[in-house]
Amino acid sequence: MKIALGVSGGIACYKSAEIVRRLQDRAVDVVVLMTKGATQFVTPLTFRALSGNKVYLDLFEGPSSGSDFEGAFDHILLAQSIHLFLIAPATADCIARLAAGLADDFLTTFHLAVAAPVVVAPAMNTRMWEHASVQENLKTLVGRGVRIIDPEVGQMACRTYGPGRLAPVEEIVDYVMALLQRSRDLEGRKVLVTAGPTIEDIDPVRYISNRSSGKMGFAIAHAARNRGAQVVLVSGPTELDFPNTIRVRTTDEMRRAVLQNVADADAVIKAAAPLDFRPKSVAAQKIKKKTANLVLDLEPTVDILKELGGHKNGKVLVGFAAETENHLKHGLEKLKAKNLDLIVINSASGPDSAFDSDMNHATIIDKSGKTEEIPSVSKEIMADKILDRVVQLLK
Ligand SMILES: Cc1cc2nc3c(=O)[nH]c(=O)nc-3n(C[C@H](O)[C@H](O)[C@H](O)COP(=O)(O)O)c2cc1C
């Protein structure tokens with residue numbers, strides 16, 4: 001296995017040397033790319049000596065000694081030869097350049113040429129980390145399937161305390177190894193994912209819906225695609241992007257889209273939050289404001305998950321439960337009632353609420369009632385943890 005390690009110019013650069021060593025201990029060949037900024041903190045010689053490989057800095061240096069490639073296209077040829085691209089530490093500046101799609105040095109040009117999974121481990125001062133532009137840039141990267149290893153909370157080199165410190169080296173190395181091992185473990189499989197809320201009309205201008213953002217379902221779709229699956233995503237209204245998405249509005253439309261695409265699926269992951277109720281009738285005209293005490297007469301929508309559970313045909317079926325109380329009890333009841341293989345239980349209220357959050361804390365329960373507690377992690381990491389379980393069940 002061979003990976004490229006991008007090192008950008010932050011104080012945590014010295015930890016990248018340790019990352020190289022730890023990956024080599026696990027038989028991974030590491031090629032280091034440095035930004036100009038990074039060379040202010042650690043010399044290329046350090047990485048050259050540790051990795052035993054040429055260190056890439058300059059796009060324009062041309063054919064060079066130590067390179068495996070003959071010519072001026074190292075950034076393209078190297079990009080095609082690696083199994084994973086890790087950037088650690090990733091500075092605010094580097095993250096911005098990656099998000100903007102710049103190609104103004106070796107590392108950023110290389111990033112555009114890479115087809116392998118990309119993992120970014122940011123490290124910066126807490127105020128920088130919390131800055132809206134940094135968070136927006138990270139969101140952009142996540143939307144393109146880049147995985148983020150969030151920094152940890154701790155004492156910073158700049159003598160402040162808070163989130164922004166590079167994730168522990170061991171965690172980064174474990175993450176990379178897990179990703180390398182499972183990089184194509186869904187190859188040849190079809191995974192059907194649902195995401196987002198649904199909408200039910202009240203009248204021509206009003207509707208009822210819920211607070212689901214779709215982030216969890218989209219994260220699962222990206223992760224499954226990165227692992228080699230053919231993914232079909234059925235999504236209610238969200239602002240998120242995924243290449244193969246069937247957009248729906250109502251619970252009934254979601255049901256139809258799911259049923260049309262489920263036949264040859266190996267696994268169905270229902271991360272959507274379709275409405276359980278809809279108005280019995282939709283008013284033909286806008287309901288006037290003067291209507292006193294408007295009462296909506298609601299009827300249940302079809303339970304898509306339960307319907308799928310009744311015709312599983314060997315598929316792995318994963319459901320989600322957003323609970324506000326008695327999470328485990330209600331989750332287990334749902335798993336049994338709907339004949340699921342796994343259920344992922346989130347909190348739908350309080351500080352831990354999964355709704356519209358980039359982080360998720362969940363419990364996964366299997367058919368035997370065994371629980372796996374997943375502490376607060378990004379939805380991308382959560383997606384891979386859920387897929388790990390799906391892969392086990394598919395074996
Ligand atoms: C002493 C020092 C420490 C720095 N540490 C960080 C850091 O941890 N994270 C960060 O995003 N920027 C940090 N910076 C700012 C970056 O070095 C700066 O944005 C630079 O342009 C990054 O260049 P690069 O993208 O080429 O790596 C630091 C700057 C200095 C002078």
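This is a predicted model: local features need pLDDT of at least 70, side-chain atom pairs count only at pLDDT 80 or more; totals for chains, interfaces and linings use all residues.
**Domains**

The protein is split into domain 1, spanning 2–181, and domain 2, spanning 190–394. Between the C-alpha centres of domain 1 and domain 2 the distance is 34 Å. Contact between them involves seven residues of domain 1 and six residues of domain 2. On the side of domain 1 that touches domain 2, α7 (132–143) and β5 each supply at least two residues. By class, that side of domain 1 has three nonpolar, two polar and two charged residues.

**The five-stranded sheet**

Five strands form an open sheet with parallel pairing, in the order β2-β1-β3-β4-β5. Its edge strands, β2 (29–34) and β5 (147–148), each pair on one side only. Strand β1 (residues 2–7) runs parallel to β2 and is joined to β2 by six bridges. Across this pairing, Ala 4 stands opposite Val 31 in β2, and Gly 6 stands opposite Leu 33 in β2. Strand β1 is largely enclosed by the rest of the structure, because five of its six residues are buried; the cut-off for buried is 20 or more other C-beta atoms within 10 Å.

Helix α5 (residues 106–113) lies across β1, β2, β3 (84–90) and β4 (118–122). The helix α5 runs at about 125° to β2.

**The β6 and β7 hairpin**

Strand β6 (residues 152–155) and strand β7 (residues 161–165) run antiparallel and are joined by four bridges. Here Glu 152 stands opposite Arg 165 in β7. The hairpin has five residues between the strands, and Arg 159 takes a positive phi near 70°.

**The ligand shell**

Around the ligand there are 16 residues, of which Gly 9, Gly 10, Thr 35, Gly 37 and Thr 91 come nearest. By class, the shell has eight nonpolar, six polar and two charged residues. Helix α4 (residues 92–100) gives the most to this shell, namely three residues.

**Two loop residues**

Ser 183 lies in the loop between α8 (169–181) and β8 (190–195). Ser 183 counts as partly exposed because it has 17 C-beta neighbours inside 10 Å. Apart from its neighbours within four places in sequence, Ser 183 is in contact with His 83, Pro 117 and Arg 227.

Asp 297 belongs to the loop between β14 (277–279) and β15 (298–300). With 8 other C-beta atoms within 10 Å, Asp 297 is exposed; the cut-off for exposed is 12 or fewer. When neighbours within four places in sequence are left aside, Asp 297 is in contact with Pro 279 and Lys 280.

Technical notes:
Residues are numbered from 1 along each chain as its sequence is written. A residue is near a molecule or strand if its C-beta atom, placed from the backbone, lies within 6 Å of it. Ala, Val, Leu, Ile, Met, Phe, Trp, Tyr, Cys and Pro count as nonpolar, Asp, Glu, Lys and Arg as charged, and the others, Gly among them, as polar. Two strands pair if DSSP finds at least two bridges between them. Two residues are in contact if their C-beta atoms, placed from the backbone, lie within 7 Å. Axes are lines fitted to C-alpha atoms, for helices over the stretch in contact, and angles run from 0 to 180 degrees between N-to-C directions. Domain bounds come from an automatic or database domain assignment.
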